[in-house]
Protein chains: 4
Amino acid sequence: MSLRAPVAPKVQDWPPETHELGRFKRARRAYGFDEVALVPGGVTINPADVDISTNLGTLRLPIPILAAAMDGVVNVPFAIAMGRLGGLAVLNLDGLQTRYDDPDRVLAEIAATPADRINGRLQAVYQAPVQERLIDERIRAVKREGVLVAVSTVPAFAARRARLAQEAGADCLVVQGTVLTARHHSRSYEQLSFERLTADLAIPVVAGNCVEFNAALELMRTGIAGILVGVGPGAACTTRGVLGVGVPQVTATSDVAAAREVYLEESGRRVAVITDGGMRVGGDVCKAFAAGADAVMIGSIFAGAHEAAGQGFHWGMATPDASLPRGTRIEVRRRAGLKEILVGPATVDDGSQNLVGALRASMGVCGARTLREFQETEMVIAPAIQNEGKLDQQAQRVGMGR
Amino acid sequence: MSLRAPVAPKVQDWPPETHELGRFKRARRAYGFDEVALVPGGVTINPADVDISTNLGTLRLPIPILAAAMDGVVNVPFAIAMGRLGGLAVLNLDGLQTRYDDPDRVLAEIAATPADRINGRLQAVYQAPVQERLIDERIRAVKREGVLVAVSTVPAFAARRARLAQEAGADCLVVQGTVLTARHHSRSYEQLSFERLTADLAIPVVAGNCVEFNAALELMRTGIAGILVGVGPGAACTTRGVLGVGVPQVTATSDVAAAREVYLEESGRRVAVITDGGMRVGGDVCKAFAAGADAVMIGSIFAGAHEAAGQGFHWGMATPDASLPRGTRIEVRRRAGLKEILVGPATVDDGSQNLVGALRASMGVCGARTLREFQETEMVIAPAIQNEGKLDQQAQRVGMGR
Amino acid sequence: MSLRAPVAPKVQDWPPETHELGRFKRARRAYGFDEVALVPGGVTINPADVDISTNLGTLRLPIPILAAAMDGVVNVPFAIAMGRLGGLAVLNLDGLQTRYDDPDRVLAEIAATPADRINGRLQAVYQAPVQERLIDERIRAVKREGVLVAVSTVPAFAARRARLAQEAGADCLVVQGTVLTARHHSRSYEQLSFERLTADLAIPVVAGNCVEFNAALELMRTGIAGILVGVGPGAACTTRGVLGVGVPQVTATSDVAAAREVYLEESGRRVAVITDGGMRVGGDVCKAFAAGADAVMIGSIFAGAHEAAGQGFHWGMATPDASLPRGTRIEVRRRAGLKEILVGPATVDDGSQNLVGALRASMGVCGARTLREFQETEMVIAPAIQNEGKLDQQAQRVGMGR
Amino acid sequence: MSLRAPVAPKVQDWPPETHELGRFKRARRAYGFDEVALVPGGVTINPADVDISTNLGTLRLPIPILAAAMDGVVNVPFAIAMGRLGGLAVLNLDGLQTRYDDPDRVLAEIAATPADRINGRLQAVYQAPVQERLIDERIRAVKREGVLVAVSTVPAFAARRARLAQEAGADCLVVQGTVLTARHHSRSYEQLSFERLTADLAIPVVAGNCVEFNAALELMRTGIAGILVGVGPGAACTTRGVLGVGVPQVTATSDVAAAREVYLEESGRRVAVITDGGMRVGGDVCKAFAAGADAVMIGSIFAGAHEAAGQGFHWGMATPDASLPRGTRIEVRRRAGLKEILVGPATVDDGSQNLVGALRASMGVCGARTLREFQETEMVIAPAIQNEGKLDQQAQRVGMGR
């Protein structure tokens, strides 16, 4: 007799469950990381025995974690350090690294600017033009160390930069806008063709961001290797405040994962679903995988690394936007080395260190040998709104040997 | 294959979804702005290409935003500034502007009164009688500048003031009470006939406030051009605390929008649904439209404009109520010019500036070319109760060019 | 065409809606005041024209509000003041008023005791025995002023005190325990027979507290005139913390109201449902009636009256419990006269004053002419967890004339 | 006519109720203590007349409360005191008591270590090896006093220590890991066989922790006498933050209780369900029983006893983990004697004292004569998120005699 919940991954039947917002509108309920938890399985596995590697097109990543293309996070030394540890950093081709010969000086200036003048300062420093020479130089500097590196570009310059990046040796091209679709309409400029882009390039293309099943499916059909999931994932994030737009990450990841399954069935090709943003602790990373992700992209946690470019600060790429800024400079403080954060050992208990160890331990207690099995882990809806800050004996017994 | 949620606007079948409050009572679940978010579409549009204009009876408004008839917000100069930018201000005919020859002196007094004596002060200054001469004068002062202006009146004096206002050149008459229905009963005074009022006037009549489908439908059938939606919309608002009455704005807007559709079908005439109150940021404005609004009316955000009448303070029109005050003077501080607030560019990232830019950007990422299309945007229920104040990289990438 | 929600009062069919807590247990969802709001009706009524009177057995109460039998609230002068205003105070026959010739001295002592010694002090002062002579004296002192007064007793002494109280002129006897049922089992003492008690007395008997349909129905069948609803109603209340027991008041009131309807049908007799506890503002009082109450009993709000016995402090009757204290002394401060609190005019906007005015205004906007009609008002589930402390223009416009 | 909710315990039919997290995944809703409350019954019972005893295999426990095997709680004197009061302490065989001849010295050192160096200090003191001599000594020291005592071991050393413990006179063996299943896989060490362990031992074996129906059923089939329920039960606990894993305790207890019922039917043997962790007050303890528990295991509340080993501090057993610490030292302060905490009388009203009195009173108002009847008590879903810190008269009236 089994009463196991029928939660194993499958694409839900149409129509989805909706609730009446009012007489004029219905809506689905969407869930964020804080509202769910993983259920330990009927089998447990020694964390040392689980396999956390993932594929991104032709690339095999030993660690399924990408560092986000944020100017406060990734520069050349960070990308090298990340690659050596087995992760993949994404270098922003539209940021300070490719606008300035000496970006560290500009970053130091940003770090030193008082809070009340930071918006103006950021707007000013991003006026400098991107230099193609620097694109080439930065990529080659990382590749000289023999590690994998990805680069990101806004859609507007994707076609032109793709070639430059591939020639310089980049292993992956990320085309990223807040919300990216296969169909963008504008009367004043031409739309990027992802079909042409993926056909022209030998390296895998990742596109995003995306949160919706149909939009994801259309993007997958253009030939991309990976898709970034996440629009306004933090529940109190600026995008949601300013534009009202956003889907919490558990639902967004699960919806795009369903598109992956549908596309896999129709094409035989598996596109990597990369949850991007909203993960503040290792437990959130684990939940992203259990919700359906093949990899995750992390910004804020890495911004606190000693190696991060921002010298203890970070900011989003829309912060310097001239007419509708969405984000400001945040002080994260340098709290640990990248190695401690990524592969440990952790010296703190708040989930901000040893993300790989947490992923392995979580897969172990959930009985998942691989990430694909982890995607089948049962989750429960269990809002984290009570007893904040309370600890009890149970909470602290994880990881005792057996 | 499509798994798109069936959320496109249509009037929901009877009966609505209800939950058991107890054995004696059932209730619908109602939703506020903080509980929902918009889902980006499968198509995106260049924000410069979207059309945000709306109709209010015979008036065509280039910007679908009204400034509320609050004494701390609208006076003659504010109305002129608002009109020049393309918006529509509503001048309160029962307020200080029509009671005093020199209202600025009274407003300065209010601003200077210490908090512990403000209620008495407000009760006192509202004892002065409204002067019809000033009604005429104020309206003409705005119209001399060639911009549109609306005026508001309580129901008790609506019939008399309607004629005065129209003669003075007002473009729109707003008849507003906390809760307004087509059927009001009193043993001590006569009920206003909206049928007669709308028949007698050439200018469009807006009535409110209203939150319920049937009450809205009855009001629409009296011939009004627009309807104000909102009773106690803020979740912690005074109306709800004092009277227990209130419906969160997403549900209220959606219910009244359904009444609009039903009335449109029966009459061929489209009444403008105007969400009034409860919007604290641009994202809330976007959600109001997506929930079904044709326009929005805003008070608090505008009260923080340098041009606002209240000199950094505002208060509701029930604040001076002699037996049951509901509201007090609030200090909002003068934080930006009306132009920055309404059409930008924004210099802050908190959603309080460039409302038009936010609306355009939101429509763009949701793939809506017009406000009517925007009313069909998918929403999700996604409570904003976690991670308050947390920002992440995703949140800040909106608006990057593509 | 009508899309009105089918929320009109009727006893819900069996079985009620339940959710799976786990494989072993299901549970209903229960609602508190903060989770619901009233929906304005399609008709509005001049507040001056609504009728708020209620019946309690043979008593006709012009104001449907009782003052709770708490030692920090009701003494002889308070009871007189309450009665003169049209309300009904309940004098506690097991409290300080009947243990001491000069209770004011003891109350002053309690008020002066430092917080860290208050529990011991309370335990000590409640050691003095109740004196039957004082029971008689206190009741007669109130009745000399010609106003109605009720008295309360614990079940253990109900039979004996009932006679004393009736002889002294009390108008109503309240038999009150935390949880009271028609069937109590004990090996060490005899169970009170409510049938005998109600048969023996000429004055109406009120019993409680109760939250459950069946328990209420059984109590009603014993012949009582009123029933008190409420066990652990405050969401963070001590009963719920200490015993885990409690049902939020909207659901409890609605369940007991359903029992009233069932009993009314079977007997032709209407038992007054009195919501007791958990109401912090006028809006909560309005919601209690809309949930099904015929009257409400209030403690904390009245404890802040200048006339309250506790001199700015109050405490529950289980606070001095010797083995399991549940509650402590709370400082409420004397904030207004009883007249302002009960019938206004209010000088503050927080819902703590002019409860009668608030009830009238709420009934007016909901289109209810009588309390029975008000029990049919539509409610919505609308959690008050967002935007705490935010006010907006809409919130303050209630009560403007029309 | 009865409208009683159909909540009496029975194993729910398959499939359970689930909600769509996204197109790829469904999930059940899980509930914690703060989200539920007990409903008083139609019968009440004198608390003195209820029976709270429980069975754990062949052991009869007069009080169904265990003290958790935490180094900050249980040492020899604590175990003796607990046993004398009728409870059962669990002595940790992998902790400081069996690593040091003079553990009090080490505990004093831990208590004196500044917060910023505590993690390193804890890691250091747990490097000392466990000495089998001390295992024997500690157990015999408790047994000399003639009280019951249980001991706990990690799975890795369970087989070896089981024999030692039984020989020394331990009454019960607890085998405890964060998540424990009947099937653990590892390439580097051999899996513990619970079948062999339970067959080899005369004393009852308790195993855990567990939260899932099927995993619990498999463990029960190995012959264990009791099962510990709880993984990451506190909503903000470290396990959930670090690993994303955890199921709130009401649902976990109810699921495992269902497994008990299924196993009881198939085997005729009743395994004791022991809720472990997450209970902060007496009300939570009551809820655990009502959710289906036969006993509870408590750590934090006991850590505040004068007799607790930790001298006012406690920490979880994963706190000293070398690569992924989950928990830190918490100062609980010594607030009361063990007797006050366990059997009262209480001198505070916050639910932290007189757990037995609270359990008896709660069973009394719910009309439950035994723990088995208490498991049938109706519960409601009633989130405790409003009005935090508010008290009202109702809350404090519990326990008044009748």
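Modeller: Let's begin with one pair: A:I381 stands opposite D:R29 in β2(D). This is a predicted model, in which local features need pLDDT of at least 70, side-chain atom pairs count only at pLDDT 80 or more, and totals for chains, interfaces and linings use all residues. Residues are numbered from 1 along each chain as its sequence is written, while chains are lettered from A and ligands numbered from 1 in the order in which they are written.

Biologist: In what order do the four strands of the open sheet come?

Modeller: The order is β3(A)-β18(A)-β2(D)-β1(D), with mixed pairing. At the edges stand β3 (36–38) of chain A and β1 (19–22) of chain D; each has a single partner strand, so one side of each is left without a neighbour in the sheet. From one strand to the next, the twist averages 45°. Such angles run from 0 to 180 degrees between N-to-C directions, with axes being lines fitted to C-alpha atoms, for helices over the stretch in contact.

Biologist: Which strands close into a barrel in chain A?

Modeller: Eight strands do, in the order β7-β8-β9-β10-β12-β13-β14-β15, and the pairing is parallel. Neighbouring strands of this sheet are turned by 25° against each other on average, direction ignored. Helix α1 (residues 76–84) of chain A packs on the sheet and touches β7 (65–67) and β8 (88–92) of chain A. Contact means that the C-beta atoms of two residues, placed from the backbone, lie within 7 Å.

Biologist: How many residues of helix α7 of chain C are buried?

Modeller: A residue is buried if 20 or more other C-beta atoms lie within 10 Å of its own, exposed if 12 or fewer, and partly exposed in between. In α7 (residues 213–220) of chain C, six of the eight residues are buried, including C:F213 and C:M220. Their cover includes α6 (194–200) and β12 (205–210) of chain C.

Terms used
Two strands pair if DSSP finds at least two bridges between them. Helices (H or I, at least four residues) and strands (E, at least two) are DSSP runs, numbered from the N terminus.
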